[in-house]
Structure formats: C-alpha cells, structure tokens
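Have a look at the fold before reading on.

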Amino acid sequence: MDVIGRSILRKESQDKVTGRARYTHDHHSNTMLSGKVVISPYGHAKIVKIDTIEARNMPGVKAILAGEEFPLTGEDIRDRPPLAVDKVRYHGEAIALVIADTPGQAKKAADRIKVQYELLPVVHSPTQAFQKDAPMVHERLGEYIKEKHTTPVPGTNIATHIKIRKGNMEKGWTESVTTVEADFSFPPSDHVAMETRCSIAEILPDGTIKIMTSSQAPFMVKQLIAKYFNEDIGKIIVETPFVGGAFGGKASVQLEILAYLGSKAVGGLPVKILNSREEDILMSPCHIGLDAKIKFGADHLGIIKVAEIRYLWDSGAYSDKAIDLTRAGAVDCTGPYNIENLWCDSYCMYTNHPYPAPFRGFSHSELSFAIERTMDLLAQKLQIDPLELRYRNAIMKGHTTPTRVLLNQSNVGDLQKCIVRLKELISWDEGQVKEMNNRLVRVKGISCSWKTSTIDPNAPSGVILTFNRDGSINLMSGVIEIGTGTKTVLAQILAERLKMNVDNIHVKMEVDTQTTPEHWKTVASRGIYMAGRALLEAAEDVINQLREIASIVLRAPKEDLEIADSRVFLRDNPLMGLHFQDICYGYQYPNGNSIGGQIIGTGNFIMRHLTHLDPETGAGKPGPEWTVAAYGVEIEFDRRDFTYQLVKAATVVDIGTVLNKKAALGQVMGAMSMGLAFAGRETFYFDQLGRVLNPQLRTYRPLHYGENPEYLVDFVHTPDLEAPYGARGVGEHGLLGMPGALGNALSVAAGVSLHHLPLIPELIWKTKEAKS
C-alpha cells in the first residue's frame, strides 16, 4: 500500500499551530448576548426561594430564567431538569440562567441572585446509595419517561441494573481450588479538556434553530432538542467547528439546551454560554466513579473457572450517559480473560455527585483496574508469574464473551501475542523488582485490557465526495475532529483506494448537520470503523461513475479501465486515458457536445448483527469487534516517604493495521498519559455537604510537563476483516491498562495491596499504616 501506514501530516495542523483554527468561542456577532449560569453551592438541598428582583434590574440584563418548569431531559431516563426547580442534586447544578449584553454584565447579575436552601442528607457513594436506608436522590423515579431497555427500580437509587449470567456457577466453584476476593473504589474526576465547553444558540424568524457547539455529537444535539422541546427536527441546524479536546466529556448534551432556552427567552437573539474552568469542572458532566467487588475461583494452574462481579457505577445526580456506561461495563466485565462461569451485576447508582459523561475508554479503564488488581492477587496467592497467569487465561478465538458472542480471528485480536511482545519490551525476564539502595526500589507492574463498542445497533455513518474542476476531491463526513487525526486518516483511506496523492484530497473539518452526512457520534473509537466503511462505499461510487464516462470517451469496456494518479486509463495501455479534471464535471467533445455531468459520490454504513442484551442473562452482541492490549508500568518508589516517579510505561495493542504510524503512536501515548494521571492523581475531593473541594487547575492535578515517563509503544497485527484495511480502533486503548499496571507496581513496591484511586503517597501511607 502506498498511503496507508505512512505518517501523513494532519490536514488541520497548519491552522492549529498558527492559531488560525476557529473554535466555538471564536465565533461572535454584533447581536450576540451572553449567558451566565448560577450553580448550586451544595450537593443536596431543597430550593426554598429564588430572588431575582435585584438581578433583573442590573444594567444590560435581557432575561433571567429561574424557577421555571421545563421539560425533563436525559438520554435513557428523562430525569434531569435543564434548571433545577424543587431541589438541587449535586454541587454545581444549574439553577438559574442570566442573559445580558456582555459576559461581565451577565456575571454581575448572576452574583446578585439570592437563593435560599434547606440542606438534605447527602448520598456520598454508590455503595451508600445501594443501602436500603439511603436517602433518595429521585423520589419520583417511577414517573420518569424512559427508554425500553432501561430498568430503573422505583423506591431505590438504582437507575438501571444490567445482569450477565453465563455458564454454571456451581460447577465453576467445584472446579476451583483457590479463591480471591477484593473490593475496589474511586470517586468521580474530570476530563480537563483544554477547551472548556461552549455553545451558541439562535432562533431565526422562520423558526429555524441554529446551534453552534463544542460537541462530539452534533447530530445527537439535533435529535434531542427536537425530542425534548417538540421542535421540528428539520429546522434544527447544529454546527461544530474544531473541538479543543473532548475525551468523551463533550458527547453529553447540556449547554446546548441552556443556550436554546436562553435564545428563546430573548426573542431568538443569539446567546452564547461559555464555561469557566470552574464551571466546566463543577457543572458539566464528569468522569464516572466506581465501587467494585470481584471474586475469582481458579484451579491449581491458575485457570479461572468462575467469577462473581458487582459493579456499582457512580451515576451522580442524573442518569444521562451513566446508563450506557453501566451497560458497557457489564458486557466486558471480566477483562480480556476466558471465564466460562460468570455472574455479574452492573448497577447504575444515583448519588449526590456530578453526573458523568463518557471518559476515554467508556468504563473499561475503570473496570480494568479492579480486574487487573484481582489478577495480581490471584497470581500472588498461587505464586505464578502475573504475566504468565494472564497468558494462560487470555481470551482467544473459539472462546465466548460474557454476553456469549463466539470469537474468531477477525473479531478479536491476539492478546497472547501482545503479552509476548510486552514481555520483551519491558525486559520482564530481568526481574520485576530491582533494588536501587536502602531507600529506593524500581518495580514493574503489568495489566491487560480489551474493549468493544456498546453503541446503538442502528448507528449510521455517511460520506459525500465531490470534485473540484482540477480533479481534486472534497471529502465530507460527520466525524468530529477532536484531535485524533481521524479526518486525515479518512483522506489516507480514500487516497489509497483511488491510488492518488493524498494532498489532492480536501477534508471539510467543520460539521453542519444540514449539509454534512450524519455520523452517529464521534465516540468509542468508531470513527474510522464506521466512516471508513462509508467512505470506501463512496469511493466505489466515484470509481464507477468515472469509469462510466471514461468508457464512452475511450471506447472501451469499463472492466478494462484502471484508476490511479488521478487518471482513468486502459489497463493494457496506460498512456491512453483521461485525467479526473477532464471528466469529473462531464466530458466535452471538440464540437461542443457533452456527456456525463458532475460526479458526486455517496456512501453509507450502518452497524449490522448487533443486538440488545437479554434482560435476564445479558446474552447478545453489543459491539462488532474487540481490541486487546497488554501494558507495563515501571516506577521508582521511595520506601521512606511513599513517593514515586514514573520511569517507563509500555503498551502493546493489536491494532490490526496501522493507518498512520505517527498518529497511532500519538494516540496511544496521549491515552497512556491520561491513564496514568487518572490512576495517580486526578480525582474530586468531596466534603460532607457533597461539595467538590478542588474545582480549579491549582488543586485539580493532571500530569504536568516533565512528569511523564518514557513511553514504549508497539503493535500486533491481526486484521479485522470488516474494518477498512483491517484497522482496529486505537483512540482509547492506551489508557485502559494504565491504572491496573500502576496499581500492581505500587502494590509490590509498597508491600501492601492498594485498592483505591488515585494512587497518591498519602493513600499508600494510610494503607500501610492500616495494615500494620
């Protein structure tokens, strides 16, 4: 292949590095107003009174929305008011919206709104929410509109319950000679995208609703606004320019709703709402938390015979995306291991925390921490090398997934090959522990992961190709460029199929739901899988049309024509042919007669053979394929003060086919950095009133420059026969095993089993003290 695999520069790179790239907040107009949201200072409280009189009389104020009953929102359960009315359910919840001429005027007025609260008992964790006597976050849970496959339990804090039942549990326990059982937990955290969320809404005189938003899912914004507010979907236009980082956090729909309501309140004038960093952390959807209980039974060789798993996912105040995350955590609940006898309960639990959006990995890095720490406990108990234990249990072709999908060489990668390559990459045979001196020790930890995509069974993607008169091609797809380089890779796929110069393919970066073909959502590492398939169909459409016209002009059957280098030519005589520019807008004979016309290629793709899960057993096919990976982390641990440095981090992913080498390496390394930050430092700290105590970057701590380890990345190549050129998704997978690998390394280094995130020195010290 000439283009696939090459490290092509990203199509948008020049605009980004020069500052020409425009994001949502860069768009202004003379009539644009500013919105400012008033947020709750408490985790759970009754709203007694909202006083807006003084604020309404402030200069520049055009409208204030507060205390009004709007339709409830939510993707699986409509449980979330756009603005809280009777009570607030999390610290940061929106309770009022001020619309004013300028951002400064809006903020001054928002500061003058007085709200009287009556504190309510706070639900601090999913485990507490699961107790029978826990305070109710949603007293009217049974009255909400819900989707068909969602199972809330009225009278409890359970938003949904996913069951996985496979094999014979009694048989599994009978065959087991060793049992390990452990609990794990971590609170919610944030996505910390460089660009905070921003949305602009305007309602034109003819009723057209125009929304510009920093979103991963503009077509979902369009659908949900229409559904929630009974608007004509054909009159809703959503535009998304460049998005400055998302990581799943911008798949949820929140500010778009507030901007729409704000514009409606001021006669349709454009209204912009831009989150400050603190608002982005507090008000908008966060990264989900988890309380997990894992129990494995294994034989004397370490082959896992049975597993009992309970996941309590921290849905926060509202169920929005948490139900999807709960389902995703259930379908891959075992990690990448073949366990024939399985009982898993995955619960979506309401708490008084911020509600979650997807986070890079879609609940898989979270469950992997619990599974991979348990795997190390099993290896320790059986005195088996932890890498060997994973090799023996690795899920492979011929096995079945927790939801009973039969795996083959196409729909699952080769985890054992990943483990073998990881072993070489991190020099595992040199030993897991290396004493540096009396104080310092270097330790390696390892882990594995897998992931499928629990997306809608009818998720679509479309692509349109048009020509310019010089024969270059315009590529239009609904995929959002969120920094992954996906649209550049799409150009590479098209260039490879048409055997043309990738520089002659122009990619439309911005998305407009009125003119761009729909792509379901830019999530779940599905951009290339779905849009790539649609693109290849569009390419075939273009090829067929080019051959149709060229066959008439060249007086040769279509079957005798080849396409390469932006030309259509005879297979046996390449000198006899036509350039794209001669026929892409039709062909004109010397006498003026013309044939053909403008060539427009179209292609579409829809998921096939995916099913809903059986509500009692969990049986079903939730995603098209599984990507597997193996990981290692090496740390230098100080046994005196419990601090540590990240020395090396390694990932080996079965990527199928590398489409763009540097882009793939960058994706994996960036994900690894996020995984180490999530595992080692990023978290929300809550007080007894449910308030987040660290909502600024001064106190919320991602990895800083210079703190990253040396990254080692390699790939295994087991093609997915259904994917474009055999490529598997890789945008999330570098992250998934980092928490488990770091937890395993630190547990060995500190001589104590660590079960909670983030893995900060204070936690290690406290765990050590508790043990002693």
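The unreviewed UniProt entry annotates residues 18-121 as "domain: Aldehyde oxidase/xanthine dehydrogenase a/b hammerhead". Keep in mind that this is a predicted model.

Q: Over residues 18-121, how far apart are the end C-alpha atoms?
A: This is the stretch that carries the UniProt hammerhead annotation. Its chain is 13% helix and 34% strand.

Q: What area is buried between domain 1 and domain 2?
A: Domain 1 spans 31-120, while domain 2 comes in two pieces, 286-455 and 610-771. Their contact draws 16 residues from domain 1 and 18 residues from domain 2. Carbon and sulfur atoms give 51% of the buried area, which comes to about 1,500 Å².

Q: Which residue forms a salt bridge with Arg80?
A: Side chains of opposite charge can pair when their charged atoms come close. For a salt bridge the cut-off is 4 Å between nitrogen and carboxyl oxygen. Arg80 gets there with its closest N and O atoms 3.9 Å apart, and the partner is Asp320.

Q: How many residue pairs are in polar contact across the interface of domain 1 and domain 2?
A: Start with the salt bridges: between domain 1 and domain 2 there are 2. On the side of domain 1 that touches domain 2, the residues split into 6 nonpolar, 4 polar and 6 charged. For polar contacts across this interface, with both residues at pLDDT 80 or more, the count is 11 residue pairs.

Q: How many residues apart in sequence are the parts that Glu75 and Lys521 tie together?
A: The two side chains meet in a salt bridge, 3.6 Å from N to O. Glu75 sits in the loop between strands E3 (61-66) and E4 (87-88), and Lys521 in the loop between strand E23 (511-512) and helix H14 (527-554), so the pair links parts whose separation in sequence is 446 residues.

Q: What is the phi of Ser427?
A: Most residues other than glycine have a negative phi. Ser427 is in the loop between helix H12 (415-425) and strand E18 (433-435). Although Ser427 is not a glycine, its phi is positive, at about 50°.

How values were computed: Residues are numbered from 1 along each chain as its sequence is written. This is a predicted model: local features need pLDDT of at least 70, side-chain atom pairs count only at pLDDT 80 or more; totals for chains, interfaces and linings use all residues. Side-chain values use heavy atoms; hydrogens and water are left out. Domain bounds come from an automatic or database domain assignment. Contact means heavy atoms within 4.5 Å. Buried area is the accessible area (1.4 Å probe) that two parts lose on being put together, summed over both. A polar contact is a pair of N or O atoms within 3.5 Å; within protein, one must be able to donate a hydrogen and the other to accept it, and residues adjacent in sequence count only if both atoms are side-chain atoms. Ala, Val, Leu, Ile, Met, Phe, Trp, Tyr, Cys and Pro count as nonpolar, Asp, Glu, Lys and Arg as charged, and the others, Gly among them, as polar. UniProt positions are given in the numbering used here, feature names are shortened, and annotations may be inferred rather than shown by experiment. Helices (H or I, at least four residues) and strands (E, at least two) are DSSP runs, numbered from the N terminus.
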